[in-house]
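Okay, thanks everyone, let's get going.

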Amino acid sequence: MSRFSKTLVAIALAACATGVLADGKFAGVGRAAKPAEIHAWDIDVRPDFKGLRPGSGSVDQGMETWEAKCASCHGSFGESNEVHTPLIGGTTKDDVKTGRVASLAKGDAPQRSAIMKVATVSTLFDYINRAMPLTAPKSLSNDEVYGLVAYLLNLAEVVPSDFVLSDKNIAEVQARMPNRNGMSTDHGMWPGAAASKGGIGNGGKPDVKNSACMSNCKTEVKVGSLLPVYAETAHGNLAEQNRPVGPVRGKDTSGKAPAEVKPAPQSDNAATTKLATDNGCMACHGVANKIVGPGYNEVAARYKGQADAEGRLAAKIKAGGQGVWGSIPMPPQGQLKDDDVRRLVKWILSGAKAQ
C-alpha cells in the first residue's frame, strides 16, 4: 500500500472517529475508530521525519537482523543481483560531501543501485518498515528498522561502523545522504513551507502562471503513455530491449512494416508453457536447469511416487515457501486461479514439456 493510500485510510478512520461520516443513515452500524487503531495505520514517514516512531538501532544490530531476514534475497552486503538489483554500491566519499552522486549525474554508472538514487533517508526507513521482509511485511520492530537502515548506510560509508541511528539523530544523517541534492523540492508539486522557513517545499506557490485556454478544445481525449514520433528511435528499436519476462513488450520502432503472422494452434503443453511464462514462473525455474529456484525436472523427481503429490505442490505454489530448495524464498503466487495452478502442477509433474 502506498503512502498516499495509507494516508487516505488514516483520514477516513479519523473522520469516523470524530463523527464526520455519521449522517444518520447507518445508525448502530460499526463504531468510532480508536486512537490506537488510527495510529497503527498511520505509519508513513515523511522526508521532514513527521510520523517517525521513537527507537534506535546500531550498525551491529542491523547486521544481525540483515543476515537473519534480508540477506537471502539481497546478499550479505546488499550487492545481490540474482534476485534483486544491488542496494549498495556506486557511491563515493566525495558524493557524501557534495550530496550528488557523480556517476549518476554523468550517466556512466554500469548499474544503478538504490543508494545511488534515493535522496532521503526517510524513504529507506519507510519502505523497510512497511514492506520488508518480503515474506512478512510490517513484522520488524522500530529498533530493527533503525538498525537495518544504519547497516545499509554503513555499507555505503555514510556512517561509521559504531554508529547508532535513532529518531534523535536521523536528521543529521540526512545531511550525509550521497544523493540528497539529486531531488528538487522547490516547486509547487511538493507540499510544505518554503525551505527558508524550515520546510521542504516552496510554500505552495504554483510553478506556472498560464491562463486556461478554452478554445478549439478536443472533443475526445485519450489517455496513454507514448513517445513523440521524433524521439521513438532515439535509443534504437524498443521492442528488442525488453527483458524476456512478463507480458508487456516494447513498441516496434524499427520503422519496418510488421509481417503478418498467423497464430498457430497451441497444444495443451504449449498453452501451459505460455501460462508459466506470462506469470513469471520461467524467470526463476528452468525446465531442466536451476535458475533461482530448482528446475522443473528436479521438482518432478522429488514428488514422483508421493501420495497426493498434485495437492501438495499446488499448495506450495499458492502459499510460497523457503528452505526446501535453498535460502531464497519463493513468494506466494496468489494471482493464479485454482484451475491454472492445477494445470501447472500436472504439467510440471509430467515433465514440463513445451510441445
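What you see is a predicted model, where local features need pLDDT of at least 70 and side-chain atom pairs count only at 80 or more, while totals for chains, interfaces and linings use all residues. Residues are numbered from 1 along each chain as its sequence is written, and side-chain values use heavy atoms, with hydrogens and water left out.

On confidence: pLDDT, the predictor's own score for each residue from 0 to 100, averages 82 over the protein, and 85% of the residues reach at least 70. Residues 17-22 stay under 50, with seven contacts (heavy atoms within 4.5 Å) beyond four places in sequence. Where pLDDT is low, the predicted coordinates should not be read in detail.

Now, H8 and H9. H8 is residues 121-131, H9 is residues 142-155, and their axes (lines fitted to C-alpha atoms over the stretch in contact, angles from 0 to 180 degrees between N-to-C directions) come within 10 Å and cross at roughly 130 degrees. So the two helices H8 and H9 are oblique; the cut-offs are under 35 degrees for roughly parallel, over 145 for roughly antiparallel, 65 to 115 for roughly perpendicular, and oblique for the rest. The crossing of H8 and H9 is right-handed. The contact includes Leu 124 and Phe 125 from H8, and Val 145 and Leu 152 from H9.

H9 also packs on H3, with axes 7 Å apart at about 100 degrees, so H3 and H9 are roughly perpendicular. Among the residues meeting there are Gly 62, Met 63 and Trp 66 in H3, and Gly 147, Leu 148 and Tyr 151 in H9.

Which two rings pair up as tilted, with centres 5.9 Å apart? Trp 66 and Tyr 151, with planes at 50 degrees. The rule pairs rings of Phe, Tyr and Trp (its six-membered ring) with centres within 6.5 Å; planes under 30 degrees apart are stacked, over 60 edge-to-face, the rest tilted. Trp 66 is in H3 (residues 59-69) and Tyr 151 in H9, so the pair ties together parts 85 residues apart in sequence.

Last one: H13 (residues 296-303) and H15 (residues 338-349) have axes within 8 Å, crossing at roughly 85 degrees.

Key. Helices (H or I, at least four residues) and strands (E, at least two) are DSSP runs, numbered from the N terminus. A crossing is left-handed if the near helix is turned anticlockwise from the far one by less than a right angle, and right-handed if clockwise.
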